[in-house]
Amino acid sequence: MTRKPGLLLLVCVLFVVSIMAGCSSSKNNAADSSSSSAATSSDKSSDTPKEEPKKDPVTLRIELFDRNNTPAGADPITNNFFTKYIQENFGNPNNIKIEWVTIPRSEEVDKLNVLMAANQAPDLVFTYDTPTVERYSKDGGLTDLGPIIEKYGTNLKKVLNDDVLSYGVFEDKQYAIVAKRVISAQISTIIRQDWLDELKLPVPTTTEEFYDTLVAFKKAKPKAIPYGGQTDYFHTSPLRYSFWEWDKITEQDFYANPDWVMPGNKEGLRFLNQLYNEGLIDKDFPLSIGKDTNQFQKNMVNGLVGAASTNTNEPIYQGYLAESIAKDPNTKFTIIDPFKDAQGKTPKPAYTPNGIYLLVPKASKRAEEVVKYLDWMSQPENIIRLQNGTEGETYELVDGVPKTLDNDAAKNLLYNYSDYCMILNGKYVSNEDNMLNIAANASDPNFKDFTIASIDSGTKDSMTKVRILRSIESDVKYGTTLKKKQEEDMFVKIVTASPSKFDAVYDSEVKDYMKIGGQAVMDEKRAAYEAEYKK
């Protein structure tokens with residue numbers, strides 16, 4: 001009994017000690033756990049990358065033709081469905097702000113030259129003028145896009161293919177991305193069928209019959225412009241070609257010689273001079289050349305034009321035939337092909353596979369963004385949207401081919417669609433089946449037959465010049481001057497000369513043309529042809 005209190009005391013002491021030890025261990029473990037947890041949390045925090053602040057968007061400046069043909073009530077060309085679609089579907093995802101820089105279509109080369117010389121050109125510019133591109137290439141004014149296309153242009157290469165892209169190679173570098181010509185037909189001629197019916201006249205099938213028809217139009221409708229446009233050097237080619245003595249013209253001549261020295265060309269211009277002096281073409285046509293190229297469209301919509309030569313199918317895709325009919329429902333135009341030569345053919349120029357040249361100035365810092373933009377544009381879904389608008393609103397798909405709807409939304413949007421889908425000249429569906437492309441270009445149900453006839457007419461007896469890959473140095477040097485000379489100076493002076501002075505004016509102008517570079521270009525081209533084809 002005397003030992004029990006001591007034993008009890010010992011047990012109590014041991015119990016207290018064990019509890020304290022347990023508490024101490026618990027605290028230490030908790031501290032270790034907390035420390036370990038903090039360390040783990042710290043490690044996790046260090047492994048998580050910090051979110052970078054979003055950079056300010058870069059600005060991509062893109063040229064846009066101002067054709068001065070926006071329909072009344074349509075959105076501005078710099079703020080419409082197309083520009084919004086491009087910004088929202090290409091610009092925003094790539095942190096790029098698109099800025100549109102408008103340049104008048106009729107002054108595009110002159111304006112571009114000024115901007116390039118001042119290093120103020122947009123990041124993406126374009127021109128149809130080959131000598132201008134060659135000159136920029138030689139002067140070191142363009143970016144070599146070849147390596148960038150290889151890196152970012154997979155879709156672009158699929159659409160354009162190597163043949164088309166090869167037209168953009170200058171100085172052995174890919175200085176241009178070249179648009180694809182979907183339709184090779186270049187020029188077609190139209191006539192007021194309702195006027196023919198009213199006057200009980202047949203459709204003219206020869207150059208002589210065409211003249212007789214114009215005379216009849218003038219007599220019946222004194223205020224009319226029997227042959228109303230486009231009255232310029234380019235669009236009168238089929239008429240002029242009908243006077244050429246083709247049996248005297250070789251392939252080398254056709255490639256190398258300027259039109260002005262071709263046998264028969266003088267007589268073609270004499271015929272145009274006759275039409276002018278008899279009041280059968282627009283007396284004011286000189287005011288439009290190099291300036292307002294749409295004046296003849298305005299004349300046509302106002303019911304003044306009896307016949308006209310235009311870009312193939314242009315009255316449809318630019319909408320002015322529909323405008324003409326809306327203003328006068330009796331209006332009906334028919335495709336004609338009357339300009340026959342001595343062999344009974346209707347010769348006319350055709351397009352090569354290349355269209356407009358797309359360029360990036362050397363001063364630009366946005367070459368990668370430009371190629372990415374054009375590659376994005378090349379994706380099938382974007383081609384459809386940029387050429388046709390919104391399904392159900394401006395077009396519908398029929399057997400895989402976009403068909404334009406007959407409504408105001410389509411008319412107020414699609415008149416300039418090609419300026420937003422610059423990699424293609426003409427509506428495009430397939431590289432393999434050109435009939436699908438023709439169907440796409442004949443997509444307006446009201447003008448399907450007109451479009452097909454226009455393409456057929458523009459293709460019949462058409463021809464292209466042989467291709468010489470080497471650069472023609474004299475053409476680079478004189479080409480722009482000669483082009484301006486023949487289109488804005490010679491053509492006007494010769495066509496408007498008094499009949500008694502026609503020969504003197506023609507001969508003098510041709511002599512001057514050859515003196516200021518025409519002869520040098522012809523000689524070098526003939527030598528290049530010899531080297532290429534007569535080895």
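This is a predicted model: local features need pLDDT of at least 70, side-chain atom pairs count only at pLDDT 80 or more; totals for chains, interfaces and linings use all residues.
## The bent helix α6

Helix α6 covers residues 154-166. A straight helix of 13 residues would span 18 Å at 1.5 Å a residue, but the end C-alpha atoms of α6 are only 16 Å apart. The helix also has a bend of about 80°, located at L160.

L160 is itself one of the buried residues of α6, together with L156, V159, V164 and L165. What do the buried residues of α6 pack against? Their partners include two helices, α15 (367-377) and α16 (380-388). The strands β4 (169-170), β5 (173-174), β6 (177-181) and β15 (424-425) are also packed against them.

## Salt bridges

The whole structure contains 27 salt bridges. One of them joins R67 to D419, with 2.9 Å between the closest N and O atoms. R67 is in the loop between β1 (58-66) and α2 (81-91), while D419 is in the loop between α17 (408-411) and β15, so this pair ties together parts that are 352 residues apart in sequence. Are the two residues buried or exposed? R67 has a relative accessible area of 17%, and because the cut-off for buried is under 20%, R67 is buried. D419 is buried as well, with a relative accessible area of 3%.

A further salt bridge is formed by D507 and K266, whose closest N and O atoms are 3.1 Å apart. D507 belongs to helix α21 (residues 502-533) and K266 to helix α11 (residues 265-277), so the bridge links distant parts of the chain, 241 residues apart. D507 is partly exposed at 41% relative accessible area, and K266 is partly exposed at 22%. Both residues belong to a network of salt bridges that also includes E267, R270 and D503.

E369 and R366 form another salt bridge, and here the closest N and O atoms are 4.0 Å apart. E369 counts as buried, at 16% relative accessibility. R366 counts as partly exposed, at 22%.

T451 is found in helix α19 (residues 448-459). Its relative accessibility is 1%, and T451 therefore counts as buried.

Which residues does T451 contact, leaving aside its neighbours within four places in sequence? They are N313, I316, N441 and A442.

## Two packed helix pairs

Two packed helices are described by the angle between their axes and the distance between the axes. For helix α3 (residues 108-117) and helix α4 (residues 130-138), the axes come within 12 Å and cross at roughly 10°. Angles under 35 degrees count as roughly parallel, and α3 and α4 are therefore roughly parallel to each other. On the α3 side, the contact is made by V109, L112, N113 and M116. On the α4 side, T132, R135 and Y136 take part.

The second pair is helix α8 (residues 207-220) and α11. Their axes are 12 Å apart, and the packing angle is about 10°. This angle makes α8 roughly parallel to α11. The contact involves T207, Y211 and L214 of α8, which meet F271, Q274 and L275 of α11. Helix α11 also holds K266, the salt-bridge partner of D507.

How values were computed
Residues are numbered from 1 along each chain as its sequence is written. Side-chain values use heavy atoms; hydrogens and water are left out. Helices (H or I, at least four residues) and strands (E, at least two) are DSSP runs, numbered from the N terminus. The expected span of a helix is 1.5 Å times one less than its number of residues. The bend at a residue is the angle between axes fitted to the seven residues ending there and the seven starting there. Buried means under 20% relative accessible area, exposed over 50%, partly exposed in between (1.4 Å probe, protein chains only). Contact means heavy atoms within 4.5 Å. A salt bridge is a side-chain nitrogen of Lys or Arg within 4 Å of a carboxyl oxygen of Asp or Glu. Axes are lines fitted to C-alpha atoms, for helices over the stretch in contact, and angles run from 0 to 180 degrees between N-to-C directions. Angles under 35 degrees count as roughly parallel, over 145 as roughly antiparallel, 65 to 115 as roughly perpendicular and the rest as oblique.
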